[in-house]
Amino acid sequence: MTGARSIVVVRNLVKRFGDLTAVDNVSLKIEEGEVFGLIGPNGAGKTTILRIMATLLLPTSGYVNILGYDAVKEAGKIRPFISYLAEDAGTYRNLSGREYLLIVARIYFDSNTEASRAVEEAIRISGLGERVDDKMKTYSKGMKRRIQVARALMTRPRLAILDEPTAGLDVFHAKHIREVVSRHVKEGGTVVLSSHNMLEVEYLCTRVAFVHRGHVLFEGAPRAIKNELGVSNLEEAFIKVTSR
Amino acid sequence: MRKLVSLVEKEVKDLLRDPRIYIGLVVPVILMPLLGFLMSTSMSSSIEAGAKGVKIAVLDYDKTVLSNTFLNLSMSLGADIRKVDATDLETAVDEARNLGSNALIVIGKGFENDLVNFRRASVEVYIVMETMSLGSIGAYSAVEGVLSVSSKIFSNMLISKLNPNISPDAVRDPFNISTRSILKDKIIEAPPQVLFNQLLMGYSIMIPLLLLMLSITVVQFAATATAVENEEKTLETLLTFPVTRYDILLAKLLGSSILAVIGSILFTGGFILYFNNMLAMSGFNFPAGDFSQLLPSPPPESFILLAASLILAILFVTSLGVAIGALSSDVRMANSLLGVVIVPIMIPSFLMMYGDLGTLPLALQLLVYALPTSYPIMMAKDMMMTPIPFEAILGIPYSAALTVLVLYATSMLLAPEKLLTVQYGLRLRGTRRQRVRELENQTTVG
């Protein structure tokens, strides 16, 4: 076990795909109750880091500990306590939103009461209303994203790993999802997310890490980063750091 | 168990509602009986039209009392007899055509003389083939029927004239032959060709065909179910749930198998209706009676062995389907890869359906023995006629071992790291090939 409040501990993480080094010697810590943001351009290595945390990929070298468990040797013990939202997560076309949520809830919860409660919570989070009973192939891109965010948060995971949670959502629904994420953290959860939207990250995250070409270049609270670099927003901060 | 049930529910619901799947399930049930009905209706109507009111033109060179008796007899049997008056065959044929006759019968000169002297009299029959349809066959059957009955009546007359005290049948057909068949240790009151028809249809063709359909259906369902997960990007999420990859694999195997069984039942229903429609058609003279009651029952252990080999075969092909689906980025790619698996499954089945395994070249025999899908067919073919061959029994542990191996390999493939890495590799290879092709095109154009 690691320190009491550390939910994620990553040390010297390296991930290679053949000749390509996607993540190069990354170290970071995420504390309980944090919303930790990974910021970087496409191909920076954010998704690979999140996939390793979600126990989908194995590190080439380095150490990853999630909730006190080794992410390589004890992946099975980690999975009940985390949930992962992939950037391009799809849906089962021929299931209704409610059916899908119920199937997932039954996987996570042993009692039907708990599963039903989770589904109701997810329907509320998604804001789909009566459309939740329609087949998911009739959903718009935004609706599919909302049902997936709802699926990821309804199980009340100790660590929610969200890859671009508001991608494809309009401003109203993106705001709604940000509020849901904030509430999840207030209720005791921890979130690690990636995003292209600097405004969103600045609003939502307690700490961020700038990821570029597989490296973490800078890490800290948004306000502290801006102060330290003497810039007015995170976008400027990112450009300043990556152009060094 | 709860997790597995939820995953199986997801598989069945998602597959069953997929138009690509349910069209495949429902179409045979509607199409096959419809096909049987349409075929039998068109064939029956053609045959009936040919047989009903058959018009026969007759060129009587003999013009005697007996030739006239023959014509009157034919008319009393329902034939529409029109006499033609011609000096040669060519003119007679033209006249028969003009009269709209289905056939021309030429009674040779000396017809009566031959008959009264107990020699065979010459009757030539010409069937007018206006179209290449079953109507011509119906006309031929009708003419043949008239001639056969007339011939028998004449024969009775002649035999009675020789000796009124003897039975004409005893002279015409002196042997009263009754053929029976011996199967294993039992004597069956039916000739071998009747049993052969039933055995061939039931055990050698129908069961292997159904097994083949089941195998193809299940491998398609499994591959599609898994490829859809890749295509819709749901597999990645599924692999982060608190379920083991064995649960995911088992759910896919069960889900695909449940649907394949439903599909096979529907296919069998459609197939039976097709055959019923075809057999109900007039003009088909199948031996009457259900001789299956007379056949010796296969030993009970042979059913157990058949069930075991069938389950193993289905597990084997389903695992292959899941592996193919897992390696495919979309359903289209999975369908392309399926051909690689389905063809080797089909070949041994057809080899065994229509041939004798022992007479095949060694290479083909090895191919048949190498596939777990061959053993249920082997069992089904042999369980009625002979003791189940030793190699078919040995096939069960062999199939079990191979199936476990494929299941293990497939479960390894479902490990997220492997799956994502293999797919990444395949995508990279595809991109590289495309890039090379683009460069080649650019070079050619330049």
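Predicted model: local features only at pLDDT ≥ 70, side-chain atom pairs only at ≥ 80, totals over all residues.
Residues are numbered from 1 along each chain as its sequence is written, chains are lettered from A and ligands numbered from 1 in the order in which they are written, and side-chain values use heavy atoms, with hydrogens and water left out.

Let us stay with that pair for a moment. A:N65 has A:D70 of β5(A) as its bridge partner. The two strands make a hairpin with two residues between them, and A:L67 in the turn has a positive phi of about 55°.

Four strands of chain A form an open sheet in the order β2-β1-β4-β5, with antiparallel pairing. At its edges stand β2 (20-31) and β5 (69-70) of chain A, each with a single partner strand, so one side of each has no neighbour in the sheet.

Chain A has a second sheet to visit. Six strands make up this open sheet, in the order β6-β7-β8-β3-β9-β10 of chain A, and the pairing is mixed. Its edge strands, β6 (82-85) and β10 (215-220) of chain A, each pair on one side only. On average, neighbouring strands of this sheet are turned by 15° against each other, direction ignored. A parallel pair is found where strand β3 (residues 35-39) of chain A meets strand β9 (residues 207-212) of chain A, with four bridges between them. In that pair, A:F36 stands opposite A:R207 of β9(A).

Helices lie across these strands too. Helix α1 (residues 46-53) of chain A lies across β3, β6, β7 (159-163), β8 (190-195) and β9 of chain A, and runs at about 150° to β7(A). Helix α5 (residues 141-154) of chain A lies across β6 and β7 of chain A, at about 165° to β6(A). These angles run from 0 to 180 degrees between N-to-C directions, and axes are lines fitted to C-alpha atoms, for helices over the stretch in contact.

Stepping back, chain A has nine helices and 10 strands in its secondary structure. Of its 244 residues, 57% count as buried, meaning under 20% relative accessible area, with exposed over 50% and partly exposed in between (1.4 Å probe, protein chains only). Among chain A contacts between residues at least 6 apart in sequence, 65% join residues at least 24 apart; contact means heavy atoms within 4.5 Å.

Now cross to chain B. The axes of helix α3 (residues 97-108) of chain A and helix α1 (residues 2-16) of chain B come within 8 Å and cross at roughly 160°. The two are therefore roughly antiparallel to each other (angles under 35 degrees count as roughly parallel, over 145 as roughly antiparallel, 65 to 115 as roughly perpendicular and the rest as oblique). From α3(A), the contact takes in A:E99, A:I103, A:R106 and A:I107, and from α1(B) it takes in B:R2, B:K3, B:S6, B:L7, B:E9, B:K10 and B:K13. By class, three of these residues are nonpolar, one is polar and seven are charged. (Ala, Val, Leu, Ile, Met, Phe, Trp, Tyr, Cys and Pro count as nonpolar, Asp, Glu, Lys and Arg as charged, and the others, Gly among them, as polar.)

Within chain B, the axes of helix α12 (residues 331-354) and helix α13 (residues 362-370) come within 9 Å and cross at roughly 115°. α12(B) and α13(B) are therefore roughly perpendicular to each other. B:I347, B:P348, B:L351 and B:M352 of α12(B) make this contact with B:L364, B:L367 and B:V368 of α13(B). The classes here are seven nonpolar, no polar and no charged residues.

Technical notes
Pairing = 2+ DSSP bridges.
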